[in-house]
Amino acid sequence: LGSAPDAQAVMAQRPDTVIIATGATIAAPELPGDGSVPVYAFGSEIPDDLPQGLPVVMDQDGYFWPAAVTEALARAGRKVVYVTRFFEPLREVHKVARIGCLRAFDQLGVKTYDNTTIERASKGALVLQHAYNTKRRSRLKGVAALVWVGVQKANNGLAQQLRDLGVPDVRVVGDAVSPRRLASAIGEGHRAAREL
């Protein structure tokens, strides 16, 4: 615990089997355009260096994290715009909880766009594009920052290193396979352990 996984350190244990559960790293995608709107990856807290002004939250996750950051920004007195590519905001949040989140968005004055993606940044604005009608675009001006929620990259490089070094049984579980919900990760880890 408390140290990064290292192939040599693992090999020093002379393992017969290694279960890789190294998770995923939260990332922000490259935003096409002129770079006039900074992009932040959202982890568990609002970035300390988030500029003052209008923040836009891009929800590529549909679960609780985008709800949390959107509401926290709005409760801090910021005008917030929430954008999601899904049919409905927070689509994977259970209906009862979703009602409460969306009620808070409404009471706090959060502007929401569903079925929408962000095409590019241009002169401090974001060009929004309808997800299913790519000819339909709009421009959101005066954007200080874009907070992107839901992009993660699997941390799975160690698995191939160990296979190359001759470990006979290397299993990858959880977000190291592919980022997704906690129940899937727990299930995979449980199955891998029981099969040993």
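Trainee: What percentage of the residues of the protein count as buried?
Mentor: The figure is 38% of the 196 residues. Keep in mind that this is a predicted model.

Trainee: How many helices and strands does the protein have?
Mentor: There are 5 helices and 12 strands.

Trainee: Let's do the sheet. In what order do the strands of the open sheet come?
Mentor: Read it as β3-β10-β4-β5-β6. That is 5 strands, with parallel pairing.

Trainee: Which ones are the edge strands?
Mentor: β3, residues 39-41, and β6, residues 111-113. Each of them pairs on one side only.

Trainee: What is the average twist from one strand to the next?
Mentor: It averages 20°.

Trainee: What packs on the sheet?
Mentor: Helix α2, residues 64-75. It touches β4, β5 and β10. The direction of helix α2 makes about 170° with that of β4.

Trainee: Back to β4 and β5. How many bridges join them?
Mentor: 4 bridges. Strand β4 covers residues 54-59 and strand β5 covers 81-84. For one of the partners, take Val-56: its bridge partner in β5 is Val-81.

Trainee: New topic: rings. How many aromatic pairs does the structure hold?
Mentor: It holds 4. One of them is Phe-42 with Trp-65, and that pair is edge-to-face. The rings are 5.8 Å apart centre to centre, with 70° between the planes.

Trainee: Which parts does that pair tie together?
Mentor: Phe-42 lies in the loop between β3 and β4, while Trp-65 is in helix α2. So the pair links parts that are 23 residues apart in sequence.

Trainee: Is Phe-42 buried or exposed?
Mentor: Phe-42 is buried, because its relative accessible area is 5% and the cut-off for buried is under 20%.

Trainee: What about Trp-65?
Mentor: Trp-65 is partly exposed, with a relative accessible area of 43%.

Trainee: Which residue lies over the face of Phe-86?
Mentor: Arg-91, at 3.9 Å from the ring centre.

Trainee: And where does the charged end of Arg-181 sit?
Mentor: Over the ring of Tyr-63, 4.3 Å from its centre.

Trainee: Last one. What share of the contacts with a separation of 6 or more comes from residues 24 or more positions apart?
Mentor: Such residues account for 67% of those contacts in the protein.

Definitions and conventions
Residues numbered from 1 in each chain as written. Predicted model: local features only at pLDDT ≥ 70, side-chain atom pairs only at ≥ 80, totals over all residues. Heavy atoms only, no water. Pairing = 2+ DSSP bridges. Helix = DSSP H or I, 4+ residues; strand = E, 2+ residues; numbered from the N terminus. Axes fitted to C-alpha atoms, helices over the stretch in contact; angles between N-to-C directions. Contact = heavy atoms within 4.5 Å. Phe/Tyr/Trp six-rings, centres within 6.5 Å; stacked < 30°, edge-to-face > 60°. Buried < 20%, exposed > 50% of the residue type's maximum accessible area, 1.4 Å probe, protein only. Lys NZ or Arg CZ within 6 Å of the ring centre and 35° of its normal.
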